[in-house]
Amino acid sequence: MSATAVHSLWTTTAAQGIDKIQAPKIEYAQLAPVLIVLGAAVVGILLEAFVPRKGRYYAQLFLSVVALAAAFAAVVALAAGGYGSTKAHLAAMGAIAVDGPALFLQGVVLLTAIVAVFTFAERRLDPASHGNRVDSFAAQGASVPGSASEKAAVKAGFTTTEVFPIALFAVAGMLVFPAANDLLTLFIALEVFSLPLYLLCALARRKRLMSQEAAVKYFLLGAFSSAFLLFGVALLYGFAGSVSYARIAAVVDGSVTTVDPVLAQTMGNDALLLIGGAMILMGLLFKVGAVPFHMWTPDVYQGAPTPITGFMAAATKVAAFGALLRLLYVVLPGLRWDWRPVMFGVAILTMLFGAIVAITQTDIKRLLAYSSIAHAGFILAGVIAMTDQGISSVLFYLAAYSFVTVGAFAVVTLVRDAGGEATHLSKWAGLGRRSPLVAAVFAVFLLAFAGIPLTSGFSGKFAVFKAAADGGAGALVVVGVISSAIAAFFYIRVIVLMFFSEPKADGPTVAVPSPLTMTTIGVGVAVTVVLGVAPQYFLDLASQAGVFVR
C-alpha cells in the first residue's frame, strides 16, 4: 500500500471521530495508606542494598514503624474527611473502594502490623551468639540449614533485616484486599500479600527445617487456592462480561441494560455464575482458615517463626474476611439463597472442628491454630447474617481478635528452654508460680479467646451471635455457644496447668523482653480489657463504618 493511501486512511479514521484513549484518573490522596506502605517497602529494599550491615536493623525498624504510623494517620484523615460515610466512593477508576468497611479494616491491619513489627525486632530473648544479639529469624535465609555457610553467617553476626520490607509488602497487599472492587484487583492483592508470607514463614532461626517445611506446605496449598480463585474470576467474567463488582451484581439481579452481543451467549448462564462464585469463595475461605480449607493452618502456625505466626494469624484474617464480606454483600447478594446454606454448613463445621480438635493438642502454637479455626467459624456466623448489623459485628470481632492474637503469640515467644521456645504444653506446668505476671497476662488472652465476660472476646462473640440470631440464623448461634463451651475447656485447662501444677525442676525460663515486646503485650492486654469493659464506642464506630459503597 502506498504512503498516500495509508495517510488518507489515517486521516479518514481520525475524521470519523474515534474516541481517544482516556488517561487513567487516580485519586492519590485516597490511596495514600497503600502508597505510603508500598513506598516504604521499596525504600526498605534499597536500605538493604546501600546501608552498612550494622546500621540496617535500626534503619529498617524506624522506617517500618514510621511508615505504618503514617499510613494509619492517612486512614484516620480519610475517615475524618467523610470518606467512610458521606463521601464513600470508588477510586482508581473503580478498582478500589474507599468506604467505611475498607477504612476500618485498613486501620486494624495497620495497628496490628505496628505491634507485630515490635515482636519482629525483639533481640533480648535468645542468648547472644558470638557476642551478637539475635532475633527470631535465620542469620542468612539463603543458606542451607546446618551448612558451613549458615555457621559462618551466625559467627559473623548476620541478621535477616529483609523481614521488615517483606512484611511491608504483605501489609500493602492486605490494605488493598478488603478494598478491592473488581476481581482482578482482588487477585493481585491476594498474591501481593501471600508471596511475602510464604517467604517469612521459612525464616526461623531455630528449627529451620520445620520452618521451611511449613513454608512449602503453605506455598503449595496457597497456590492451589489462588488457582481456584483465578478460575472463578474467569468464569464470573464469562457470566457477566466484566470483572467489576457493580457490573456482576447488576447481571446477577437482572438490572443490566446494555449487553455486549459477543457475551450475550454466555451471560445469564447460571452454571458459570454458581461454579465461579463457589471457586472464588473457596479461595477466600482458604485464607480465613475455614473447614475444609484449613489443612495448612496448624502446620504453618507451628513451623513459622512465632512473631510471623502472630502477625499472619491476626492481619490475614482481617484482610480476608473484609474481602469475603465485600464479595457476598456487594457482588452476590442476589444469590444469597444459593450461598447461605453452603456457608451455614461451612460455619458449623468450622466452629465444631476447631473446638473439638484443639482439645487433643499438646503444642501451644497448634492449640492456638485450631482455636483460630474455631474463631473463623464464629466470625462466619456474623457474615451469614446478611444485615448491616452483621457487617458491623464482624468488623468489631476482627478488631478485638487481632490484638488478642498478636499479644498471645508475643507471650509464647517469652517461654524458653535450651532449644528455644518451649511450646510443648507440659513445659508450661507451674508457669504461674515461676513467673506470675507472664502467666496472668496469658490467662487474660485465653479468657478473651474463650469469650468470658469483661474481655473483648465476649463483646465480639455477643455481637456476631446477636447479628446471626436477628438475621434468621438461630441454629448457628446454638452451635456457636456449644463450640464456645467446648473451646472454654481447653483454654481453662491451660490456665489450670499454669497456676495449679507443680513447676518442674528442669522447666523453661521466662525471658525478660525488651520494651518492644512489652509494648506489644501491653497493647494487647489494654485492648482486650477496654473492648470488654467499655465496648460501646467501638461498636458504634464499627456500625458507622459498616456500609459498603456500591
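A residue is called buried here when its relative accessible area is under 20%, exposed when it is over 50%, and partly exposed in between (1.4 Å probe, protein chains only). Lys207 is partly exposed, with a relative accessible area of 48%. The structure is a predicted model: local features need pLDDT of at least 70, side-chain atom pairs count only at pLDDT 80 or more, and totals for chains, interfaces and linings use all residues. Residues are numbered from 1 along each chain as its sequence is written, and side-chain values use heavy atoms, with hydrogens and water left out.

Start with the whole chain. The protein chain has 21 helices and five strands. Helices (H or I, at least four residues) and strands (E, at least two) are DSSP runs, numbered from the N terminus. The radius of gyration is 25 Å, close to the 24 Å that the globule rule gives for 550 residues, so the chain is as compact as a globular protein of that length. That radius is taken over C-alpha atoms, and the globule rule is 2.2 Å times the number of residues to the power 0.38. Along the principal axes, the C-alpha atoms fill a box of roughly 90 × 60 × 40 Å.

Next, the interior and the surface. Of the 550 residues, 59% are buried. Contact means heavy atoms within 4.5 Å. Among contacts between residues at least 6 apart in sequence, 80% join residues at least 24 apart. The accessible surface of the chain comes to about 21,600 Å², and 71% of it belongs to carbon and sulfur atoms. Accessible areas come from the Shrake-Rupley method with a 1.4 Å probe; for residues, only the protein chains shown count as cover.

Helix α12 covers residues 306–331 and has 26 residues. From its first C-alpha to its last, α12 reaches 36 Å, close to the 38 Å expected at 1.5 Å a residue. The expected span of a helix is 1.5 Å times one less than its number of residues. In α12, 26 of the 26 residues are buried, so the helix is largely enclosed by the rest of the structure.

Helix α13 (residues 336–358) has 23 residues, which should span 33 Å; its end C-alpha atoms are 32 Å apart, which agrees. Its buried residues include Trp339, Arg340, Met343 and Val346. Among the elements that cover the buried residues of α13 are α10 (270–288), α12, α14 (364–384) and α19 (474–500).

Tyr245 lies in helix α9 (residues 245–252). At 0% relative accessibility, Tyr245 counts as buried. What touches Tyr245? Leaving aside neighbours within four places in sequence, its contacts include Ala180, Asn181, Asp182, Arg326 and Val330. Tyr245 and Val233 are 12 residues apart along the chain, and their C-alpha atoms are separated by 11 Å.

Last come some backbone details. Most residues other than glycine have a negative phi, and most peptide bonds are trans. Lys207 has a positive phi of about 50 degrees although it is not a glycine. Lys207 sits in the loop between α7 (183–201) and α8 (208–240). Met93, also not a glycine, has a positive phi of about 55 degrees. Met93 is placed in the loop between β1 (89–91) and β2 (96–98). Met93 counts as exposed, at 57% relative accessibility. A cis peptide bond joins Val291 and Pro292, with omega about 5 degrees. Pro292 is found in the loop between α10 and α11 (296–303).
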